[in-house]
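This report describes selected helices and side-chain contacts in the structure shown below.

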Amino acid sequence: MSTFGSKRLVVGAHYGLRDWLAQRITAVLMALFTIAVLARFLAPGELGYDHWYGVFAPQWMKVLTFVTILALTYHVWVGVRDIWMDYVKPVGIRLALQVFSIVWLLGCAGWAIQVLWRL
């Protein structure tokens with residue numbers, strides 16, 4: 001029986017392409033967000049709280065920041081999960097690190113969103 005070609009049986013939890021593509025898409029989104037923030041931040045005016053508040057005050061900027069926070073969280077999760085899967089061999093330790101990473105990332109994302117919507 002040949003294991004090459006269209007009849008090859010693929011087994012495993014992750015096939016790679018989806019995660020690879022997700023990281024590229026989230027990276028592009030974060031780069032566009034960085035450009036948008038720099039463009040708004042470098043606008044003329046005195047630097048201070050009022051200027052910083054003005055950057056994030058419009059609703060479209062809050063939505064863009066919210067989407068970027070979610071993209072950043074997913075981007076980091078894919079990378080950290082791959083590190084744990086590649087370098088931590090004991091299943092129990094790997095699972096504990098993955099659970100800790102998920103809780104930490106959700107906490108950071110929740111805190112960032114809370115700060116954002118307080119403005």
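## Basis

The model is predicted.

## Helix H2

Helix H2 spans residues 49-56, and His51, Val55 and Phe56 in this helix are buried. Viewed along the axis of H2, the buried residues fall within an arc of 130°, so they line one face of the helix. Tyr49 and Asp50 are exposed and sit on the face of H2 turned away from the buried side.

## Packing of H3 and H4

Two packed helices are described by the angle between their axes and by the distance between those axes. For H3 and H4, the angle is about 170° and the axes are 10 Å apart. Angles over 145 degrees count as roughly antiparallel, and H3 and H4 are therefore roughly antiparallel to each other. Sorted by class, the residues in the contact of H3 with H4 are 16 nonpolar, five polar and three charged.

Val76 is a residue of helix H3. Its relative accessibility is 29%, so Val76 counts as partly exposed, because the partly exposed class lies between the 20% limit for buried and the 50% limit for exposed. Between the C-alpha atoms of Val76 and Ile102 the separation is 10.0 Å, and the two residues are 26 residues apart along the chain.

## Thr26 in H1

Thr26 belongs to helix H1. With a relative accessible area of 9%, Thr26 is buried, since buried means under 20%.

Setting aside neighbours within four places in sequence, Thr26 is in contact with Ala71 and His75. With His75 there is also a polar contact: the side chains of Thr26 and His75 are joined at 2.7 Å.

## Arg81 in H3

Arg81, like Val76, is placed in helix H3. Is Arg81 buried or exposed? At 6% relative accessibility, Arg81 counts as buried. The side chain of Arg81 is joined to that of Asp19 by a polar contact of 2.6 Å.

## Summary of the side-chain pairs

Two polar contacts between side chains have been described here: Thr26 with His75 at 2.7 Å, and Arg81 with Asp19 at 2.6 Å. Thr26 is buried at 9% relative accessible area, and Arg81 is buried at 6% relative accessibility.

How values were computed:
Residues numbered from 1 in each chain as written. Predicted model: local features only at pLDDT ≥ 70, side-chain atom pairs only at ≥ 80, totals over all residues. Heavy atoms only, no water. Buried < 20%, exposed > 50% of the residue type's maximum accessible area, 1.4 Å probe, protein only. Helix = DSSP H or I, 4+ residues; strand = E, 2+ residues; numbered from the N terminus. Arc of directions from axis to C-beta. Axes fitted to C-alpha atoms, helices over the stretch in contact; angles between N-to-C directions. Parallel < 35°, antiparallel > 145°, perpendicular 65-115°, else oblique. Nonpolar A, V, L, I, M, F, W, Y, C, P; charged D, E, K, R; others polar. Polar contact = N/O pair within 3.5 Å; in protein donor to acceptor, adjacent residues only side chain to side chain. Contact = heavy atoms within 4.5 Å.
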